[in-house]
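Visitor: I would like to learn how to read a structural model feature by feature, with the cut-offs stated as we go.

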Amino acid sequence: VTFPYGLEHTSDGCYMIAGSNDRSTDYFIAKVDADANLEWVNEYEVPSNNTFRPSIVKTLDGNYVAIISLWDGTESAESAESILLRKVDEQGNEIWTQNLGADKWFDERLYDYRAKPDGGLVLGGFSFPNNNGDMMLIATQADGTVSSINIQTLGQLSLSPTPSKGPLNLQFESEEMGNLNITLFNQQGQLIRQFVEQKSTN
């Protein structure tokens, strides 16, 4: 069983797809025509790793970059994640591969991306140093190498005990406090309470 996550339209009316298998232990890049008939597929193994929702983006030179977050499969604070970029042409021929490894950052996960006018990419997501969620923005050059990194600390939110039928303790810590909006829902998705605090302009 395979799960397609990323989709891009090609110049010849077809589609490029990026996805993973049901075990999330490898990923694929494929091309299908307008009637969803498979033209070709390239499968890539990721030993001892899981993949997180592979995506694909069309670059300004008419080629495609698959974007894959890799996870080592553990839930520990020491779990390692990295970002893999693989560029191919419309025939599936590999142009380059870049691994933005966990030796540079710690525990990264991407959620959005855009192609830049210079042929590079802008990648947005979160980094989790010391189990804290920090907003992350990465810019790459046309060959996939990193040109800049911007990581913004958002703060740490803790809620205990969970689940709970009684009082809850909520604590939020941040070195750079801005506007704060916290919304609590129950297990049925019903709104319980919302906290809003505006940053002082003084």
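Predicted model: local features only at pLDDT ≥ 70, side-chain atom pairs only at ≥ 80, totals over all residues.

Visitor: How do strands S1 and S2 pair, and over how many bridges?

Guide: Strands are DSSP runs of E with at least two residues, as helices are runs of H or I with at least four, both numbered from the N terminus; two strands pair if DSSP finds at least two bridges between them. Here strand S1 (residues 2–9) and strand S2 (residues 15–21) run antiparallel and share seven bridges. Within that pairing Phe3 has Ser20 of S2 as its bridge partner, and Glu8 stands opposite Met16 in S2. The two strands make a hairpin with five residues between them, and Gly13 in the turn has a positive phi of about 85°.

Visitor: With which strand does S2 pair over six bridges?

Guide: S2 pairs with S3, again in the antiparallel sense, and Ser20 has Tyr27 in S3 as its bridge partner. Buried means under 20% relative accessible area, exposed means over 50%, and partly exposed lies in between, with a 1.4 Å probe and protein chains only. Six of the seven residues of S2 are buried, so this strand is largely enclosed by the rest of the structure.

Visitor: How many salt bridges does the structure hold?

Guide: Side chains of opposite charge can pair when their charged atoms come close. The criterion is a side-chain nitrogen of Lys or Arg within 4 Å of a carboxyl oxygen of Asp or Glu, and the structure holds six such bridges. In one of them Glu94 meets Arg86, with the closest N and O atoms 2.5 Å apart; Glu94 is partly exposed at 44% relative accessible area, while Arg86 is buried at 13%. Elsewhere, salt bridges that share partners join Asp12, Lys31, Glu39 and Glu90 into one network.

Visitor: Which side chains meet Lys31 in salt bridges?

Guide: Lys31 forms a salt bridge with Glu39, their closest N and O atoms being 3.9 Å apart, and Lys31 also meets Glu90 at 3.8 Å, N to O. The Glu90 pair links distant parts of the chain, for Glu90 is in the loop between strand S7 (81–88) and strand S8 (94–100), Lys31 is in strand S3 (residues 26–32), and the two are 59 residues apart. Both Glu90 and Lys31 are buried, with Lys31 at 3% relative accessibility, whereas Glu39 is partly exposed at 43%.

Visitor: What volume does the second largest pocket have, and which residues are closest to its centre?

Guide: Rolling a probe the size of a water molecule over the atoms shows where empty space is left. On a 1 Å grid over the protein atoms alone, a pocket is an open set of points where a 1.4 Å probe fits, with protein on both sides within 12 Å along at least five of seven lines, and lining residues have an atom within 4 Å of a point. The second largest pocket has a volume of about 170 Å³, a volume being the space filled by probe spheres set on the points, which are joined across faces, edges and corners. Twelve residues line this pocket, and the closest to its centre are Arg53, Ser55, Leu110, Tyr111 and Tyr113. Strand S5 (50–58), strand S6 (64–71) and S9 are the elements that give two or more residues to the lining.

Visitor: Where is Val65, and is it buried or exposed?

Guide: Val65 is in strand S6 and is buried, with a relative accessible area of 1%. Its C-alpha atom is 4.2 Å from that of Lys87, 22 residues apart along the chain. Counting contact as heavy atoms within 4.5 Å, and leaving out residues up to four places away in sequence, Val65 touches several residues, including Ser55, Lys87, Trp96 and Leu121.

Key: Residues numbered from 1 in each chain as written. Heavy atoms only, no water.
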